[in-house]
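User: I would like to go through a structure with you. Could you show it to me before we start?

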Amino acid sequence: MSQNNQRTQDKLCYACGSTTHQIKTCDSKANIFIMDTKRDPLDKQQLKMELREFGNIKSVYAKKDQNCNNRNIGMVCFELEEEAEKAIEFLNNTHQYKASL
């Protein structure tokens with residue numbers, strides 16, 4: 001493995017897919033899994049806008065298919081577990097999303 005490739009992998013958070021922090025700084029209890037039940041592709045910016053009222057979002061990750069199109073699943077990593085719990089409650093009360101830790 002090349003040195004550049006290793007540096008890129010070292011920066012990846014395997015809990016949420018972020019390239020802005022490493023897994024050791026991502027609290028798994030503050031990381032939520034989200035699924036769009038209408039099977040619409042997740043929009044990272046829309047999720048940030050909808051969920052920022054619940055707390056500090058460290059990262060948003062939308063899973064992509066083999067053609068690099070967003071799928072209907074993703075993750076949002078909050079600063080605190082309490083923030084994630086509030087966001088889960090909000091998302092699960094909508095008819096479009098299901099969320100869990």
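User: Is phenylalanine 90 buried, partly exposed or exposed?
Analyst: Phenylalanine 90 counts as partly exposed, because its relative accessibility is 32%. Buried means under 20% relative accessible area, exposed means over 50%, and partly exposed lies in between, with a 1.4 Å probe and protein chains only. Please note that this is a predicted model, in which local features need pLDDT of at least 70 and side-chain atom pairs count only at pLDDT 80 or more, while totals for chains, interfaces and linings use all residues. Residues are numbered from 1 along each chain as its sequence is written, and side-chain values use heavy atoms, with hydrogens and water left out.

User: How many aromatic pairs are there?
Analyst: The count comes to one aromatic pair. Rings of Phe, Tyr and Trp (its six-membered ring) pair if their centres lie within 6.5 Å; planes under 30 degrees apart are stacked, over 60 edge-to-face, and the rest tilted. The rings of phenylalanine 54 and phenylalanine 90 have centres 5.2 Å apart and planes at 40°, so this pair is tilted.

User: Where do the two residues of that pair lie?
Analyst: Phenylalanine 54 is in the loop between helix 2 and strand 2, and phenylalanine 90 is in helix 3, so the pair ties together parts 36 residues apart in sequence. Helices (H or I, at least four residues) and strands (E, at least two) are DSSP runs numbered from the N terminus. Phenylalanine 54 is buried, with a relative accessible area of 15%.

User: New topic: what is the strand order in the sheet?
Analyst: The open sheet of four strands has the order 2-3-1-4, with antiparallel pairing. Two strands pair if DSSP finds at least two bridges between them. Strand 2 and strand 4 are the edge strands, each pairing on one side only.

User: Which strands does helix 2 touch?
Analyst: Helix 2 packs on the sheet and touches strand 1, strand 2, strand 3 and strand 4. Contact means heavy atoms within 4.5 Å. Helix 3 also packs on the sheet, touching strand 1, strand 3 and strand 4.

User: And how many residues does the largest nonpolar core have?
Analyst: That core has 18 residues, and those with the most contacts inside it include Ile34, Leu47 and Val76. A nonpolar core is a set of buried Ala, Val, Leu, Ile, Met, Phe, Trp, Tyr and Cys residues joined through side-chain atoms within 4.5 Å. Helix 3 gives the most to this core, with four residues.

Terms used: Axes fitted to C-alpha atoms, helices over the stretch in contact; angles between N-to-C directions.
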